[in-house]
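Please look over the structure shown below before reading on.

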Amino acid sequence: MPDATYQFPDGFLWGTATAAHQVEGGNTNNNWYAWENTPGKIFDNQKSSLACDWWGGRWKEDLGNAAKDGQNAHRFSVEWSRIQPAPDRWDESALDFYRDILKGMWELGLTPVVTLHHFSDPLWIYEIGGWENEKTPEYFEQFVRKVVDALKSEVKIWVTLNEPNGLVVNSYIDGCFPPGKNDFRAAFTALTHLIRGHGLAYQAIHEIQPDAMAGYALYYRGFFPKKSWFPPDHWVTGMLNRNVNDLFANAIRDGQVKFIIFKTMVKEAIGTQDFVGLQYYSSDEVSFNLLKPGELFASREYPKNAPVSPTGFIADVPQGMAQALKWAHQFRLPIYVTENGVEDAEDKMRPAYLLRHLREVWLAANFNWQVKGYFHWSQVDNFEWERGWSQRFGLWELDPKTQKRTRRRSADLYAAICKENGISSETVRWLAPEVFSEMFPG
């Protein structure tokens, strides 16, 4: 059996990622609380309730475990509705709470990456139309200015928006996120305002903190033509890439927003990116289908023989991670994989998934691409939006009723990788023998 190590660059950031509404608990003043209390919107009508009880202080336990396991960074988000509960009111105690987390992270040796908007909006924003309202970008800019001014001494890396493309699809096309619409024009309007909100936020961050790094985290979906010899499959694959993966990034590059038949210009967004935040989970094979105009004439299915997660939500397609990293490299900026993971309550699929995807990250880093860090989703099981508690992404298992944490095998595997700053044959042989011959052939 060969002995070798996939070694990552010095200074590589290893962490996990979380989001405020998914881990804090007790967020009762935002659109997701309203959505949870609308029957039929969440799996089995489940509630976030205490979530992972971070607002009650359990962040200390989870981040303490992360630090003990060799992680040197963590990405989390601040909750807009706590900091600005009403348009004319700021809650300084909420900012103090986040400042305490940040100081605690530095004491643990964890570099903070802070997301300013991770899907949830204050109820007062939701009630005026959310991101369809042309005033929301300015409200968001005011919020960003308040947060950055308050926390700038503790944060050097800011993520303005989490998955704005995914937010638009889920909220305004698929309708599984609030406000639950199926309206391409509303999607275009919200997308345009999100792009402008990002641009204003970026400018505000650099005005207040010139040495900060600011960017956004994009949801990248792998798309491959099902029949490589069939031109319509290539055409519809390109259509999906342009409207899902490229649209937001292109607007940041040149200000042009092109979504299906809609077009506009957002000059404030041009050049507002210091790094690429890349979020990749899975891929689809795409075939042309005239019967699906509402899905851009695309039929999608997982590649044949790809392992699939317990609820069918994610397929293990590491070549999609390679495609995503190649896409990110075009911008010639530092790249952070800000999310990657798989829902797997029994922890049978996750070790192989993690290793296969990290091998692609290692390859990109060794092409001398600027891959600077990797954040696994997630440290502990959390409330997964419209899917409630039905999907478990954590390195640690959580019982939401008792708040008991239970360590999974994947936590041991990721800890070994973080501590070694690499993937050794010894670690794989010990903790994921099922993929040893794949990871270390010969």
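Cys 418 is buried, with a relative accessible area of 7%, where buried means under 20% relative accessible area, exposed means over 50%, and partly exposed lies in between (1.4 Å probe, protein chains only). This is a predicted model, in which local features need pLDDT of at least 70 and side-chain atom pairs count only at pLDDT 80 or more, while totals for chains, interfaces and linings use all residues. Residues are numbered from 1 along each chain as its sequence is written, and side-chain values use heavy atoms, with hydrogens and water left out.

**Cysteines**

- The model has 0 disulfides, a disulfide being a pair of cysteine sulfur atoms within 2.5 Å.
- Cys 52 takes part in no disulfide, and the cysteine sulfur nearest to that of Cys 52 belongs to Cys 418, at a distance of 19 Å.
- Cys 418 is likewise in no disulfide, its nearest cysteine sulfur being that of Cys 52, 19 Å away.
- Cys 52 is buried, its relative accessible area being 0%.

**Salt bridges**

- The count of salt bridges comes to 31, where a salt bridge is a side-chain nitrogen of Lys or Arg within 4 Å of a carboxyl oxygen of Asp or Glu.
- One of them joins Glu 438 to Arg 359, with 3.6 Å between the closest N and O atoms.
- This pair links distant parts of the chain, since Glu 438 lies in helix α15 (residues 436–439) and Arg 359 in helix α12 (residues 350–366), 79 residues apart; helices (H or I, at least four residues) and strands (E, at least two) are DSSP runs, numbered from the N terminus.
- Within this pair, Glu 438 is partly exposed at 33% relative accessibility, whereas Arg 359 is buried, with a relative accessible area of 17%.
- Both residues also belong to a network of salt bridges that links Asp 316, Arg 356, Arg 359 and Glu 438.
- Another salt bridge brings together the side chains of Arg 387 and Glu 384, at 3.6 Å from N to O; Arg 387 counts as buried at 14% relative accessibility, and Glu 384 counts as buried at 4%.
- The side chains of Arg 407 and Asp 412 form a salt bridge with an N to O distance of 2.6 Å, and here Arg 407 is partly exposed at 33%, as is Asp 412 at 28%.

**A strand pair**

- Strand β13 (residues 396–399) pairs with strand β14 (residues 404–407) in the antiparallel sense over 4 bridges, two strands being paired if DSSP finds at least two bridges between them.
- Glu 397 has Thr 406 in β14 as its bridge partner.
- The hairpin of β13 and β14 has 4 residues between the strands, and in this hairpin Gln 403 takes a positive phi near 65 degrees.

**Two helix residues**

- His 329 is placed in helix α11 (residues 318–329), and its side chain is joined to that of Trp 369 by a polar contact of 3.3 Å.
- A polar contact is a pair of N or O atoms within 3.5 Å; within protein, one must be able to donate a hydrogen and the other to accept it, and residues adjacent in sequence count only if both atoms are side-chain atoms.
- Leaving aside neighbours within four places in sequence, His 329 is in contact (heavy atoms within 4.5 Å) with Ile 335 and Trp 369.
- Leu 363 is found in helix α12 and is partly exposed, with a relative accessible area of 31%.
- The C-alpha atoms of Leu 363 and Asp 44 are separated by 41 Å, the two residues being 319 residues apart along the chain.
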